[in-house]
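Please read the sequence alongside the structure shown below.

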Amino acid sequence: MELKRLNKAIAETGYCSRREADKLIESGRVKVNGTTADLGVKVTSEDTIKVKGQTITRQVGNIYLAFNKPVGITCTTDTHIKGNIITYLNYPERIFPIGRLDKPSEGLIFLTNDGDIVNKILRSRNNHEKEYVVRVNKRITSDFIKKMGNGVPILDTVTKKCKVWRVDDFTFKIILTQGLNRQIRRMCEYLDYNVKTLQRLRIMNISLGSLKVGKYRSFTKTELQTLLNLCEDSAKTFDEI
């Protein structure tokens, strides 16, 4: 019978991600067969896992959604926060967002009930491209494009080199493999530009396409398999998306 680490077993039920499971275990809120569990405990499918007194089991299949988030929606599972993504979607199963997309921005974000895939995606620094289209408050120069692409000093570091190209006088596209907090907005501000609109078009191999703002769709089988393949050789370092 297969043995799994407890945090992975919890994540696979869709209850939460592995990292969140570790926090629950460390705080003493997880029991296995009636005994408070320690980090690193391994379990089988026959063990009874309780979180906060509730027995958790895998009741539904894995859910993988691509959502075109509107401006004003906050990527949090805290349903007490006004405009949270969970209440907005009102999906019939328990799901949570992978990574973040800030409130003033719109575009693609993933949601799932599979905590295990969260780690695979957030670890995928080597292949984790994210493409955005950005409109700014003044005319874009070749110097701006060059500096954005070569790296900008923000948050006590310098951003990684990235692909940037001009769409029109006020609009550019950018592909990042990094996920610093409000990265594009901070990069623009450093160069004395302000972001007027920001939309994420693509994460790795999955694009918005014709998906309308406020709507979601399931990954296709091909999309999911390709995404997992991209994650296979990833560096074991967490990045936000």
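Buried means under 20% relative accessible area, exposed means over 50%, and partly exposed lies in between (1.4 Å probe, protein chains only). The model is predicted: local features need pLDDT of at least 70, side-chain atom pairs count only at pLDDT 80 or more, and totals for chains, interfaces and linings use all residues. Residues are numbered from 1 along each chain as its sequence is written, and side-chain values use heavy atoms, with hydrogens and water left out.

Helices (H or I, at least four residues) and strands (E, at least two) are DSSP runs, numbered from the N terminus. Start with helix 2, which covers residues 18-26. Ala21, Leu24 and Ile25 are buried there. Seen down the helix axis, these buried residues fall within an arc of 100°, so they line one face of helix 2. The arc is taken from the directions that run from the helix axis to the C-beta atoms. Lys23 and Glu26 are exposed on the other side of helix 2.

What do the buried residues of helix 2 pack against? Their partners are helix 1 (6-12), strand 2 (30-32) and strand 5 (49-51). Contact here means heavy atoms within 4.5 Å. Just after helix 2 comes glycine 28, with a positive phi of about 80°.

Two strands pair if DSSP finds at least two bridges between them. An open sheet is formed by 4 strands, in the order 3-2-5-6, with antiparallel pairing. Its edge strands are strand 3 (35-36) and strand 6 (54-55), and each pairs on one side only. Strand 5 and strand 6 pair over 2 bridges, in the antiparallel sense. Valine 51 stands opposite glutamine 54 in strand 6.

**Salt bridges**

A salt bridge is a side-chain nitrogen of Lys or Arg within 4 Å of a carboxyl oxygen of Asp or Glu. The structure holds 13 of them.

| Aspartate 116 | Arginine 18 | 2.4 Å |

Take the pair of aspartate 116 and arginine 18. Aspartate 116 lies in helix 4 (residues 115-122) and arginine 18 in helix 2, so the pair ties together parts that are 98 residues apart in sequence. Aspartate 116 is buried, at 9% relative accessible area. Arginine 18 is partly exposed, at 22%.

Aspartate 169 is partly exposed, with a relative accessible area of 28%. Arginine 139 is partly exposed too, at 49%. Arginine 166 also counts as partly exposed, at 44%.

Elsewhere, salt bridges link Glu129, Glu131, Lys163 and Arg202 in a network.

**Nonpolar cores**

In soluble globular proteins, nonpolar side chains tend to be buried together. A nonpolar core is a set of buried Ala, Val, Leu, Ile, Met, Phe, Trp, Tyr and Cys residues joined through side-chain atoms within 4.5 Å. How many residues does the largest nonpolar core have? It has 32 residues. Val134, Phe144, Met148, Phe172, Ile174, Ile184 and Cys188 have the most contacts inside it. Elements that give two or more residues to this core include strand 7 (64-69), helix 3 (85-89), strand 9 (106-112) and helix 6 (183-190).

Leaving aside neighbours within four places in sequence, cysteine 188 is in contact with Val136, Phe144, Met148, Phe172, Tyr193 and Val195. Another core lies apart, with 19 residues, among them Ala66, Ile203, Leu227 and Cys231.

**Some single residues**

Is arginine 200 buried or exposed? At 0% relative accessibility, arginine 200 counts as buried. Arginine 200 lies in strand 15.

Most residues other than glycine have a negative phi. Aspartate 156 has a positive phi, near 60°. Aspartate 156 is in the loop between strand 11 (153-154) and strand 12 (157-158), and is exposed at 87% relative accessible area. Methionine 204 also has a positive phi, of about 55°. Methionine 204 is in the loop between strand 15 and strand 16 (206-207), and is buried at 4%.
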